[in-house]
Amino acid sequence: MPLRLDDMAASGLVAPERLDELRRVAAQFAVALTDDMAGLIDPADPADPIAAQFVPTPAELADTPEEQVDPIGDDRWSPISGIVHRYPDRVLLKPILLCPVYCRFCFRREVVGKKGAMLDREALERAFDYIRKRPQIWEVIVTGGDPFLLAPRRLAEIVRVLDQIRHLGVIRFHTRVPVVDPRRITAALVAALAAEKAVYLVIHANHPRELTAQMREAVLRLTRAGIPLLSQTVLLRGVNDDAAILEALFRGLVAMRVKPYYLHHPDLARGTSHFRVGIAAGQRLASSLRGTVSGLCQPTYVLDIPGGYGKVPIVPCAITPDGSSGWSVEDSAGVRHPYPPDPDHNRRPK
Ligand code: SF4
């Protein structure tokens, strides 16, 4: 059973005198923490990066003017319940809006963990029909909430139906379960993902301490079944806004066969300003990995444009026009070079 607010107080993760204030937070945004994640927290450390992600704080009661209820514009692109169709060739399918933990920075925090969190059978059938009738849809991203909270039998049913839709090429799952509740990755769950089509998994990890032995075993069960794994990370102030922490996280993921895919600039969700890093600082961090860390360990730093205008890379571009017909390109040490190179440049003495 996940820990709720009172359990957190009982185990010393929140101060009893803060409980009233935190009940006001919990009335707005769901609260839950798994035993695995609770076990990683050092209650004596007020800046613990695991606690910061899952234990609510009064800072969540403060909204700022730029914050939004639906920061990435899901509603605008949701033609029917359970479907978000923002890009022509792919849709999100959201069968469940429950999670094993509730991240305090979540971009869907207004909807996850609330009443009506499960798509009923009829709504799910309508969502499948929506996909079946649109041959331009090539990829379905099953997300939520966390689809790995569904029973393996129900997951298998979703995979079976999607696998039978001829125009689909890829079924992708987004989940935090292998990290925060790794024992749920059972043989039955892995078997539920078997399909003729390519099934990809994107896991969510933000700090190297989340890469536990249990998580590693869960990932191994998935990779041994031939499922390609990618990861996404949210750049969070006080959690991972540090080059050494990001490097350790990405190296750790790659070493367990998980390719870092996205580093997300945090979204403008309500009550999350204490997590936000400036764009320039984020760009410096993303650039600092260039040249020092293998390209395998470098996710794309992205921003979801508020209002639902999509995800765009926001890494500084290393190449710029040089003002004539060529280009100027910057290496990882910050030294600029002409491109194409000056004919006399690098010419070996005879
Ligand atoms: S697991 Fe994902 S959807 Fe659930 S609270 Fe965390 S960020 Fe939000």
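Which residues does Met118 touch, not counting residues up to four places away in sequence? In this predicted model, the partners are Pro95, Ile96, Leu150 and Arg154. Met118 itself sits in the loop between β2 and α5, the latter spanning 121–132. With a relative accessibility of 37%, Met118 counts as partly exposed, because that class lies between the limits of 20% and 50%. Leu98 is 20 residues away from Met118 along the chain, and 7.8 Å separates the C-alpha atoms of the two.

Attention can now turn to the largest pocket. The volume of this pocket is about 850 Å³. Its lining comprises 42 residues, and those closest to the pocket centre are Phe107, Arg108, Thr143, His174 and Gln232. By class, the lining holds 22 nonpolar residues, nine polar ones and eleven charged ones. Several strands take part in this lining: β1 (83–87), β2 (90–93), β4 (170–175), β5 (198–204), β6 (229–234) and β7 (258–264) each contribute at least two residues.

Strand β11, made up of residues 327–330, runs antiparallel to strand β12, residues 336–339, and four bridges join the two. Within this pairing, Trp327 has Tyr339 of β12 as its bridge partner. The two strands form a hairpin, with five residues between β11 and β12. In the turn of this hairpin lies Gly334, which has a positive phi of about 90 degrees.

Technical notes
Residues are numbered from 1 along each chain as its sequence is written. This is a predicted model: local features need pLDDT of at least 70, side-chain atom pairs count only at pLDDT 80 or more; totals for chains, interfaces and linings use all residues. Side-chain values use heavy atoms; hydrogens and water are left out. On a 1 Å grid over the protein atoms alone, a cavity is a set of points where a 1.4 Å probe fits but cannot get out, and a pocket is an open set with protein on both sides within 12 Å along at least five of seven lines; lining residues have an atom within 4 Å of a point. Grid points are joined across faces, edges and corners, and a volume is the space filled by probe spheres set on the points. Ala, Val, Leu, Ile, Met, Phe, Trp, Tyr, Cys and Pro count as nonpolar, Asp, Glu, Lys and Arg as charged, and the others, Gly among them, as polar. Buried means under 20% relative accessible area, exposed over 50%, partly exposed in between (1.4 Å probe, protein chains only). Contact means heavy atoms within 4.5 Å. Two strands pair if DSSP finds at least two bridges between them.
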